Structure formats: structure tokens, C-alpha cells
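Below are my comments on the model, kept to what can be checked against the coordinates. Please read them with the structure open.

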Amino acid sequence: MKNTISERIADFLKSYPPFNAMESKQLEQLSIEVTIIHKETNTVVFSQGESPHDNFYVVNKGAVALSKSGSSQILDICDEGDVFGLRPLLANESYKLEAKAYEETILYAIPIKDFKPLALENKRIGNFLIESFASNTGNPYSIKHRGKLYGDNIDSNQYSSDKMLDLQPIKYSTKLITCKEGTQVKTIANKMTKHNVGCMLVVREDLPVGIITDKDIRKKVATGLYPITASAQSIMSSPIITYPKGLTLAQSQMAMMKSDISHLVLTEDGTTDSKVAGILSKHDIMVAVGNNPAVLLRAIKRASKAKRLRSIRHGIMNLLQGYLEQNIPLGLVSKIISELNDASTKQVVKIALSKMEKEPPVKFTWLSMGSQGRGEQLLNTDQDNAIIFEDVPKENLEVTRSYFLKLGERISKMLNTIGFEYCPADMMASNLSWCHSLSEWKDVTRHWIHNPGPDEILLSSIFFDYNVTFGDKALADELSQSIFDSVQGYPLFFTHLASGALQNPSPSGFFRDFLVEQDGEHKDFFDLKLRALMPIIDAARVLILSHSIKSINNTAERYEKLAELEPNNKELYLACSYASKALLKFRTRQGLLHNDSGRYIALDKLNKEEKIKLKRTFKTVKEIQSLIEVRFQVKNLLR
Amino acid sequence: MWPFSKKKPLELPDFWRAYEEHFKEKLPEDIHENIFVVLDTETTGFSFTKDRMLCIGALKLKDNNIVVKDTFEVYIQQEHYDSESAEIHGILKKSKKNTISELEALKQFLVYVKSYILVGHHVMFDVNMINAALKRNGLPKLKNKTLDTESLYIRTLLISSVVQKKERYSLDDLAKKFSISRKDRHTALGDAFITAIAFLRTIEKLKPQKIKDLLR
């Protein structure tokens, strides 16, 4: 008997292979047998060497990481619609890899005993299985890849990550930008600029006859050899070299090296007499190899869907891990990673804007706050953001606001899709109180400064680290100016802000032992963020604001600037700068290790060296706290 | 006869006694050993006396698993009928779905839920609706423990005066927050499924150790 839930499962499965090959009746029956499993982040679905379950799995929501146990190297990430854990069931062997929920995940467990007869009976399903096993990737779309026969390479394959990549079919762009032989160069250049591509295919009746790249235009047109009114035919490279579309990464690299070209034209059967299937550029190869920030940045700028950005972000995390393993200075790492984070956010805003029915009514600024605003967001932590829009006449205010609220909601939903959790305190531009016009923001911040209760201090400490991610910088500058003016007229605010910075609980006890959380979800864990990072960040903020400097948000950089401004305290400030970097690195390492925000640390998992390093930073924390306590006369404040 | 003497215990049918029998056993302490029945009812309206249930949908959650085959979905024959709410739920009085009598639906429901903890969004509404139906059929009230996903969700929110808590959180709010597809909204089993996922996500946030942490 089918029911609402089994219908929904069938509806989901039918768009993914191998289920798309099934008849709807069969799929309906299969769906009833499914068990839906909810997996929390980092819980194991099956472990390496475990004997096979009665089910194989399809990812409905979230992602599952496959890896060799004991190594942090992720071999494959299964996304929505991907099938995994099937081969051991058919081959009757134990699991070769460990599968772990990479984030909160919903799985459909499909019993093999119900699936097997269908697979045997249906030739298309059988073929799919053979092909996907042969290609040895978890990717159900690897049908394009033709490799060895069923199952003969699993044991010989060491699953080194390079091998995996080399065998993988490469993603190429199928959106073709083409022109005719007679098209003028000027038109071509305009079209290439508009679509942001580096090459254009020249076709005659859908068959490729030549290719024009940036290089051709530079060499043949810009040098004056041909006028911009010349035809495509006169400057194109021809005849062109074509390849079949099922190319793997290794093959395509070879092909480019062999002919010393930067673009491969892929056709249905590999000859110039069949239709063009797509174009593969050097850039695509570099994205596939994926450990180069410049490449990732370009990939981000080209992404037109949140889903694509999400997979690029997996690449960013890999990059981060590599950097930390190679011990590259954290100042540099955090610059690169926050640049990439910033670019992703920017791209998300762009995509969201293009999806709105109307253009924005007035200029606006998208602000990132908190850690992203400080350029310290290495892991995917919460999103904190806000919108400032230009002042509008009173009667238009609510209409304008509702536009930006809608935009904010869209953006924060998309950010959530690509991996930034919603802010638990709802400090997001989709919230009415974080989406204001410029003059409203001025009023709000002035209110915070003049009435510095604990809430206002908390709010300002989050908000005042804002950084412009997208839009008009002038609005933010004007707001900053207004904030400084208000603060100058009300210096007591610093005392309150400093007192707020001293509120955080101390990291170590009387005997220099770590103080851990007493109760709640994280009992007996050390709260790195609250007890060590926050005090140092808060202190930096109040000190730098008291010098009326707004353009520097990064904590380490703030201390460096302070060292410059106050030579007599130089040593302490430099120590703080170092400590903030060390703590951030610590947090990032922990976060990568456990695939979370890295905020809570299990002390028994640390080695002696790490503990000593951590404790050394505490000393600096205490010193900077006593400095601001004295400077801003916090003691005089009645609490 | 002495008017205040104890009422003669009602003659209760066998299926009720079988249902009561399950409560002799204590619930397991560990969350993961407990079975939760997540339920939702579609009704003709909000009055416990005037309105009737159109449909009951429920599913069982055990250790984060939902077995699709072991779900519960019944449509109930109607006498009382309100054209306004039928528009929301799309259940017409004489729809093609197989309907059963109210008593039969209750009987099957009791067999299904046993003594498991009931979970629902605004669960007391559903429970009261079922209790009203039980009363109409001369039966006592449900004895199961209940958990409301709205109040559980509120417990996950930060305790800070900065966060403006809303008074109420609808199932739609939760679905949005946890990005759950709202495709089958307003079918009893579809809503139960959304509630179940929201429940799981909430539990992950709260991380209760024992079942009594939830039931407090």
C-alpha cells in the first residue's frame, strides 16, 4: 500500500540514476520498503571492514563523506541523489571505505533484497551499475566514463586521491557560445565579454569549423593585422582538434600538452563531423585539480547556482586543510580564505539579485558582521549580516524595506545552502531589526552608544566589526563617521565596551588549570571561543575604536596597528597579535578535525605541546584585559 | 441507591484493554531505545465538540530511523462537514480515498501507538481531537506521554534578551528554519513527516541524555 511518504520518496528517486530507469510501478513498490534515516553530523553510516548491511543508501539531503578510516583525507562526497554502499552488497564483501555524515543528513536505506531482482531484470539498471563500479567513483553521473569491467580494480586501487581524480570524468561547460564564419570580430568580442568566456566556437550547421580565443584577438586584431570588422573566418584557428566527450582528467591534460592548446572541443563521437558536446578549457582542469586559490576564485565568480558554489566550497575547505598541514603562516591563510569566503558571499548576493523580480529601488550595502566582518572566518561558521539602504521618503520606506527584507531572506537562505549556518540569534538581514535605512541605522547605533546596557554593548560588539561585502561603500563610510561622532560625544561608551570585554569568563583557574564548561551540551569541554578568543577580540575592538580607526577589522591587524600607534605598549600588542593568530589556528585545526565550528575542545584529546601553547596565550589574554581595565577605568563603573 | 457510590467501571472493549496493557511496562530510559510516534490529524475545524477528524497520519521514529512501511494513514468517514476547511486539506467528503468509520480508525490507531511517546506540532490539539473522538465512542482518554515540537524548538533558541522570540512558531516556520521541503504540507502523514524531521533536528540541538530530560 503506497502512502504519502512513499510517494514522496518515489518522486525524489525518479530523477536520479539508476532509479530513473525504473518503471513508476516498480519504483512505487520499492519506495514502500525504504527506511528513512536521519544522521547527525559526523556519525558513521558504516565503517571500513564492517560486513555489509541489508540496505544500500541514497542521500536525500545533506552529504556523506567517504574515506579510508584513520585518514582525514576525504575521497568522495556523496551529495543529494548519490548512491553509495551498494557494491559490497552485490559483491558480498565487506565495506572498503568508511561513510560518515559530513553534515546533517537524511538517507534513504533501500533493502537490497527488493532492489536486486529489479536490477537483474532491468538491463539499463544493470548497465548503470557496471559502469559506475568500473569507473570506481561514487558519482552516478559517471556513465560517460567507460572504464574497466565490473569490479576488477578495487583491490589494486590504493585509493590515492590523485588516482581517483585522474580517473574521474571531467566536468566541461556545455553552454556553448558560438558564432558563424561571417560574424564580425567586434560582435564576437562583445559576446565573449558578455558571457565572460575566453573562447568562441565557430560553427557551420552545428558542426565545429574553428575556434577563436582571447589569444587570437590579441595576436591578430589588437596588433592591427586585421580590423575589428574582419570576419570570424579570417582570424579563427582551423582546423580544430576534437575529442570524444567522455574524457578523463588525465586524458585531457595529455591532449592539451600534446597539441599545446588551451581549449579542447568535445564532440559526440570525437570527430569534427559530429555535433559539439562542449568545450573544455585549461581552467576547467585546474578547477578539477582544485588546490589553487586563484582558480577557486574564478570558479566562484563564474558560478550561477548556489549548488555549484557549495561544491566549490568543499574545495576551499580542502585548500585550508592543505595550508594548515604545510604550516603556512596563518595571517596569509586567513587572508586567502576570507577573500574566498567574501567572494562566495558576493556571488550569492549577485545571484539573489538577478533572481529578484525588480532591480533594487535604491542603493544598498550588504554588511558582513562578526567573524566574517573581521576576516577571521576560516570555517563555515554562522552567518551574521545586515543591510543598509539609502534614505527614501517616508511614504516609500516600508515598500523599500520589504524589498530588501525579501532580498535578505533569499541571500541568507542561499548562504545556508552553501554551508553557512543560520545565525542562532537571528542577526541576519532577513530580520527586521538588521535591515534599516542609513538614517535609521544612525539612530540605532546612537541609541546603543548613549544607552550602553549589556544588550546594547553585545549588539554593538557584533555590529561594529562590519565590513562591506557588496554594494555601495559610501553608505557604510557615512555610518562609520556617524558612529565615531556619537562616540566622541559620549566617551563613557568605551568604559562600557571595555567592561563588556572583561565579562568573559576566565580561561584558567587558580592553579593555571583549564576551566571547562560545567553543564549543558558541552560539559567538560573547553570553550575556546568564549574563554580565549572573545576576550582578545573584544579588547582589540575597544582599543581600536578609541583611536577612531574603522578601516581595520582583523584582530591581528588591529593589534599590529595599535603597536604602531602606542610604541610603549608595543610588546604586549604584538604578543596579542600573535596570540589571536595562534588561537584562531587552533580553532580552525580543531574544527577541521571534527568538521564543526571548532569552538569546543576536548582537552583530553590535546597533546602536551598543544596544551602548553594554549596556556601561553592565556597569559597574554590576562595582560591585555588588565590594560583595558585600567585605561578605561572600568572599576569606576557601577555594575 | 447511594448517589455517591463509585461508578461502576465502564465495560471497555478488548482493544482498549490491550492498549492499556502496554502501559504496564516502563519506557526505556535511553532516547535511542525509545520509539516515538509522530502524528498529525487533519480536521474540519478547531472545535473539539463540533468538528471532526478527517484523517490521522502517524509514523514511528526509532533511533533516527523511519520505516516507511510502518506508517499509519487513515481517512475517516464524515457526517459533520465543513466546506471551508476541506479546501485547505483537499479532502472532500466523498473523495476516492478509502474511508473507515471513526471507531475503526481509533481502534487501529490505538493498536499502532501502544504506549509510545506521542510527538506532534501543537500536539495537544491533535491529542484533544482524538480524545474527543474517543469520548464520543464511550472510551477514556489517551494515556500516552506527549512532546510538543514547538516548545522543544523554543528550548533550542538562545536565552538572551537580544533575541526577540516570537510567541508562536508554526510548522511552516520550523520547516523553513530546517530547510525541509513543504511539498506535502496539509496531508496528515506529510505534516507528520515534516514534524518528525524537525523533531530530529531539534533533538540534535538539545542533546538530551535520557528520555526524562525531554519530558520535563
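1. Conventions. The model is predicted, so local features need pLDDT of at least 70 and side-chain atom pairs count only at pLDDT 80 or more, while totals for chains, interfaces and linings use all residues. Residues are numbered from 1 along each chain as its sequence is written, and chains are lettered from A and ligands numbered from 1 in the order in which they are written.

2. Chain A overall. The secondary structure of chain A comes to 24 helices and 20 strands; helices (H or I, at least four residues) and strands (E, at least two) are DSSP runs, numbered from the N terminus. Chain A has 639 residues, of which 41% count as buried. A residue is buried if 20 or more other C-beta atoms lie within 10 Å of its own, exposed if 12 or fewer, and partly exposed in between, with C-beta atoms placed from the backbone. Among contacts in chain A with a separation of 6 or more, 69% are between residues 24 or more positions apart. Contact here means that the C-beta atoms of two residues, placed from the backbone, lie within 7 Å.

3. Contact between the chains. Chain B gives 26 residues to the contact and chain A gives 25 residues. On the side of chain B that touches chain A, the elements with two or more residues are β3 (65-76) and α7 (188-206) of chain B. By class, this side of chain B has 11 nonpolar, 8 polar and 7 charged residues. For these classes, Ala, Val, Leu, Ile, Met, Phe, Trp, Tyr, Cys and Pro count as nonpolar, Asp, Glu, Lys and Arg as charged, and the others, Gly among them, as polar.

4. Strand pairing across the contact. Strand β1 (residues 35-39) of chain A runs antiparallel to β3(B), joined by 3 bridges. Strands count as paired if DSSP finds at least two bridges between them. The bridge partner of A:Thr35 in β3(B) is B:Val67.

5. A:Glu33. This residue sits in the loop between α2 (24-32) and β1 of chain A. Is A:Glu33 buried, exposed or partly exposed? A:Glu33 counts as partly exposed because it has 18 C-beta neighbours inside 10 Å. Leaving aside neighbours within four places in sequence, A:Glu33 is in contact with A:Pro111, A:Asp114 and B:Lys69. A:Glu33 and A:Ser6 are 27 residues apart in sequence, with 8.4 Å from C-alpha to C-alpha.

6. Antiparallel sheet. An open sheet of 4 strands in chain A has the order β2-β7-β4-β5 and antiparallel pairing. Its edge strands are β2 (44-46) and β5 (74-78) of chain A, each pairing on one side only. Within the sheet, β4 (residues 64-67) and β7 (residues 98-101) of chain A are joined by 4 bridges, and A:Ser67 stands opposite A:Glu98 in β7(A).

7. Mixed sheet. Another open sheet of chain A has 4 strands in the order β17-β16-β15-β18, with mixed pairing. The edges are β17 (435-437) and β18 (467-471) of chain A; each has a single partner strand, so one side of each is left without a neighbour in the sheet. Neighbouring strands of this sheet are turned by 30° against each other on average, direction ignored. Strand β16 (residues 385-389) of chain A pairs with β17(A) in the parallel sense over 3 bridges, and A:Ile387 stands opposite A:Cys435 in β17(A). Helix α17 (residues 438-450) of chain A packs on the sheet, touching β16 and β17 of chain A, and its direction makes about 105° with that of β17(A). Axes are lines fitted to C-alpha atoms, for helices over the stretch in contact, and angles run from 0 to 180 degrees between N-to-C directions.

8. Helix pair. The axes of α14 (residues 330-355) and α16 (residues 394-418) of chain A come within 9 Å and cross at roughly 130°. That makes α14(A) oblique to α16(A); angles under 35 degrees count as roughly parallel, over 145 as roughly antiparallel, 65 to 115 as roughly perpendicular and the rest as oblique. By class, the contact of α14(A) with α16(A) has 9 nonpolar, 2 polar and 2 charged residues.

9. A:Ala498. Helix α20 (residues 492-501) of chain A holds A:Ala498, which is buried, with 26 other C-beta atoms within 10 Å. Not counting residues up to four places away in sequence, A:Ala498 touches A:Val542, A:Ile628, A:Phe632 and A:Val634.
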